[in-house]
Amino acid sequence: VIVLASFFGGFVGMGSFIASIHYSGIGIAVLFSSLYPIISIALSKILLKDNLNPIGYFGILLAVLAGVCLCFVTYSDYKFDLSGIFFGLFCAFGWGAECVIINIALKDNIEAKFALLIRQGVSFSCFMIFIIILMFYDFIPLKGNINIDSALDKIIFASLFGTLSYMMYYIGIQKIGALKAMGLNISYGFWAILISYFLGAKMIILKLVLAIILILGSLLSNL
């Protein structure tokens, strides 16, 4: 079950997100992938028989709408390519499915850190196999050097926070269930904007208002 969740979340979800960026740009990728809570709600009803109260559903809907509006305010490179839209929606399906499927596994008292270790291992293995296949059929040229030295410290720093974030997410799913954990997880847009202001980004009132609406919706999902 953990392997299946890992496949959907890591390979299908992140792989489709990258593909959507390739075909349509970051704006479309973020826009359509942000719809993953809707997938989680539908799958939770089918697989977990899990439900929120009306205020909880309203909170998730409010947070999703605020996130979508933030996409339009933040990004300007919208190229409505069908392939990009498809992969954006496929990404939402992958992330939504992972949330629900991993909840099934974590109900069996499996430690979240063990589940995360499997998740990262499966994702890495799937991507490596996929890349090797692409190289074998010459879809990826085997020449040229990629220099990441200048950004290596930032990559490592971001990876540590990403791993910590997923650890907290899995613990949240185990403690309070898929829907409530997912409702809090979608608040990342608020924290990203808040941190960007502390790092010197220009404050835009509309973005700040939408970020506050997003965090309010996220909190309402757990009432």
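## Aromatic rings at a glance

Welcome! Phe7 is partly exposed, with a relative accessibility of 32% (partly exposed lies between buried, under 20% relative accessible area, and exposed, over 50%, using a 1.4 Å probe and protein chains only). This is a predicted model, in which local features need pLDDT of at least 70 and side-chain atom pairs count only at pLDDT 80 or more, while totals for chains, interfaces and linings use all residues. Residues are numbered from 1 along each chain as its sequence is written, and side-chain values use heavy atoms, without hydrogens and water.

**Ring pairs**
- In total, the structure contains 16 aromatic pairs (ring centres of Phe, Tyr or the six-membered ring of Trp within 6.5 Å; stacked under 30 degrees between planes, edge-to-face over 60, tilted for the rest).
- One of them joins Phe7 and Phe8 edge-to-face, with 5.9 Å between the centres and 70 degrees between the planes.
- Phe8 counts as buried, at 17% relative accessibility.
- Tyr23 and Phe87 make a stacked pair, 5.8 Å centre to centre and 5 degrees between the planes.
- Tyr23 belongs to helix α1 (residues 2–24) and Phe87 to helix α5 (residues 82–106), so their pair ties together parts 64 residues apart in sequence (a helix is a DSSP run of H or I, at least four residues, numbered from the N terminus).
- Tyr23 is partly exposed at 36% relative accessibility, and Phe87 is partly exposed too, with a relative accessible area of 23%.

**A ring cluster**
- Both of these pairs have their residues in one aromatic cluster, formed by Phe7, Phe8, Phe11, Tyr23, Phe86, Phe87, Phe90, Phe93, Phe127 and Phe130.

**A charge over a ring**
- Arg119 sits over the face of Tyr166, 4.1 Å from the ring centre (the rule asks for NZ of Lys or CZ of Arg within 6 Å of the ring centre and within 35 degrees of the ring normal).

Conventions
Helices (H or I, at least four residues) and strands (E, at least two) are DSSP runs, numbered from the N terminus.
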